[in-house]
Amino acid sequence: MRPIFFLSDFGLEDPYAGVVKAVLWERAPGVPVLDLAHALPPQDLRRAAYALFEALPYLPEGAVVLAVVDPGVGTRRRAIVARGRRLYVGPDNGLFTLAWLLDPPTRAHEITRISPPSPTGILPLPGWAPGGHTFHGRDLFAPAAAHLALGRAPEELGPEVSFGDLVRLPLALTPGPEGEILTFDRFGNAITTLLEAPQGGLVEVTGKRIPIRNTFGEVEVGEAVAYLGSAGLLEIALHRGNARETLGLREGMPVVIIPPPTGLPHLADPPR
Amino acid sequence: MRPIFFLSDFGLEDPYAGVVKAVLWERAPGVPVLDLAHALPPQDLRRAAYALFEALPYLPEGAVVLAVVDPGVGTRRRAIVARGRRLYVGPDNGLFTLAWLLDPPTRAHEITRISPPSPTGILPLPGWAPGGHTFHGRDLFAPAAAHLALGRAPEELGPEVSFGDLVRLPLALTPGPEGEILTFDRFGNAITTLLEAPQGGLVEVTGKRIPIRNTFGEVEVGEAVAYLGSAGLLEIALHRGNARETLGLREGMPVVIIPPPTGLPHLADPPR
Amino acid sequence: MRPIFFLSDFGLEDPYAGVVKAVLWERAPGVPVLDLAHALPPQDLRRAAYALFEALPYLPEGAVVLAVVDPGVGTRRRAIVARGRRLYVGPDNGLFTLAWLLDPPTRAHEITRISPPSPTGILPLPGWAPGGHTFHGRDLFAPAAAHLALGRAPEELGPEVSFGDLVRLPLALTPGPEGEILTFDRFGNAITTLLEAPQGGLVEVTGKRIPIRNTFGEVEVGEAVAYLGSAGLLEIALHRGNARETLGLREGMPVVIIPPPTGLPHLADPPR
């Protein structure tokens, strides 16, 4: 069976992620389900898009990527499955925008032919009709992911849709010099849309100029620093602090790289 | 082996859930353990009861449901195992109240005959005597759940107790029109004790009247709406907002359904 | 394969723990990975050291303990593997200090010979060079843990280092009477460095005297109480409350046991 990598904003304060796993278990008993993240900030598509970009290069080819961050559940947004070197299942709301820069799908299908899980082994309560229109993770996406994990064909899930018609977030990754703050991580580090971090240069954000180094270990505790983060994007951090709060950073803020002066000797990598 | 579905308020800030899994692993190596939720609000029995109700219809028959939300640990409350179409392990404090509406046990046993896990492969520290009386998840419930997962008999765990004597929370689910706010989910949606959500009707809570719709996508962003939630209970939400905070809702508040006027044409389901 | 018990401060708001699991999956497909805790307070080494102490007696011999709480990532701190009755992988920053009181390693190696995971199955982006120097959980520790889980030798990972040279936190566990507040758990209970909790005695902290009992169930709701916690350390709690906030406790505060008066009859254990 294909492993399922599962990302959501369901949190662990509610059983929603667990219910999705129960449905995966029912449809594909024993399928390996690996949690990517479940406490993403609720309904934050930029954060989800970044999380999938961060993880993607390490997800095995052929894996099923099940991602449910879905502020539009209950509206007319589509449910889709897309096929690149991995298989993607989720709402058509742009949350795969950055992941698909690395693994662009060649085909996509709307999920319309799926039988939702039906409650079993229970007594009916008078007047009770569970189901509702609000839990597509359980009723649509989990059955679709299980279908794919079992090796069945995506085209069985519904009609083909044009890859170009899928929703994209208005985000671009760029070598610079101009970009923006994409999102933040748990530690308050700002992740930008910039793909490069020229050593010896500076980053300008909200009127401040911040030195670019190899890691945040190269500045004193409490100082601001920019560096190439683990996803290959320029990040802005405070050494053992919270850059978001202390520097007053916000999503979408412009960020500009000021390269190191030319003609100067190249700043050597520090000894490691 | 029977899969174990595990719910607790242990959080992931401490290793308590992990230690329970280590004990399950020791007693039943390789047993499938599926997390339902571990960041339930500490010691909140209503929330736990709701979480188990939400998940129950999707848990396979024969599964072991291990639930540890236990404000009374260290007091005289009993530890129990109960047998319906699934097997329940946890404190006798009412946390299964709603789940058992759907899957009423036919027999129950107090857990008295269990050998707690003993530390192995360690050096003793002078004066150190781990164990204590406060971690029944590790010392009682995990060994009992592993026992059941291995297919062994519940009656080996201790004396039978009368199902009618088990503790229940003072909660009833009802088609209405009068109910109450049962609890809240992570997004601040209020879950009520009402089993119906008549389209075109209203819900009155804390002096406000809120329209009942199919989903929150049918009102504008920021507006209040009631709808049938994923558990089959009427919920009150703000479209992309937090109903609990914005509307000032609290647990136990009375909620009343005002049905749609009779004689009017039935409000059709919206196109989907 | 050896099971891997995985502890970190990565949280579930980001995919970092998930990426580590993806790398473990790639290097050792199907390896059992059991989560100990992932929402430890960021960069809090005392809390991490306590969490590992709490869990250790229940981790099977031969298991791999992968622990990543690493405020010094990107500095010159070493990455190590140590071999006791279990195998330890993590930064050399003291986070194993308390666990090693119970399971002192006999040999240790610096991790220097490891091939980091390389992104596969992706399109390169112009200018993009992922990797960075900041995610040793993914690039160093996960490959090392997978290596050990497969049964391969620790000495293949790098040169031997003296066990005595490994970093220790300045923490001692003691029968008392003088100790300190080690850390807090999620519920606001204070965990101390004291290994004993003499019934009928008192604990003095921040000018207050708190009775020592078997469990917090023996005092009224809202009252302070000390007892032997699940890790075998004296804890200070409020029955159904938050001791940290209500009593104004802080990490490192001195704690003194005042034993019960001699000559008095020994306080019997309460009936259970």
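Start by selecting chains B and A: 51 residues of chain B are in contact (heavy atoms within 4.5 Å) with 44 residues of chain A. Before you click on, know that this is a predicted model, where local features need pLDDT of at least 70 and side-chain atom pairs count only at pLDDT 80 or more, while totals for chains, interfaces and linings use all residues. Residues are numbered from 1 along each chain as its sequence is written, chains are lettered from A and ligands numbered from 1 in the order in which they are written, and side-chain values use heavy atoms, with hydrogens and water left out.

Now show the surfaces. Chain B and chain A bury about 4,000 Å² between them, 61% of it on carbon and sulfur atoms; buried area is the accessible area (1.4 Å probe) that two parts lose on being put together, summed over both.

Next, pick B:Arg47 and A:Asp14. They form a salt bridge, with the closest N and O atoms 3.1 Å apart; the term needs a side-chain nitrogen of Lys or Arg within 4 Å of a carboxyl oxygen of Asp or Glu. The count of salt bridges between these two chains is one.

Last stop: select C:Lys21, in helix α1 (residues 16–27) of chain C; helices are DSSP runs (H or I, at least four residues), numbered from the N terminus. Is C:Lys21 buried or exposed? It counts as buried because its relative accessibility is 11%, and buried means under 20% relative accessible area (1.4 Å probe, protein chains only). Leaving aside neighbours within four places in sequence, C:Lys21 has contacts including A:Leu34, A:Asp35 and C:Phe6.

Terms used: Helices (H or I, at least four residues) and strands (E, at least two) are DSSP runs, numbered from the N terminus. Buried means under 20% relative accessible area, exposed over 50%, partly exposed in between (1.4 Å probe, protein chains only).
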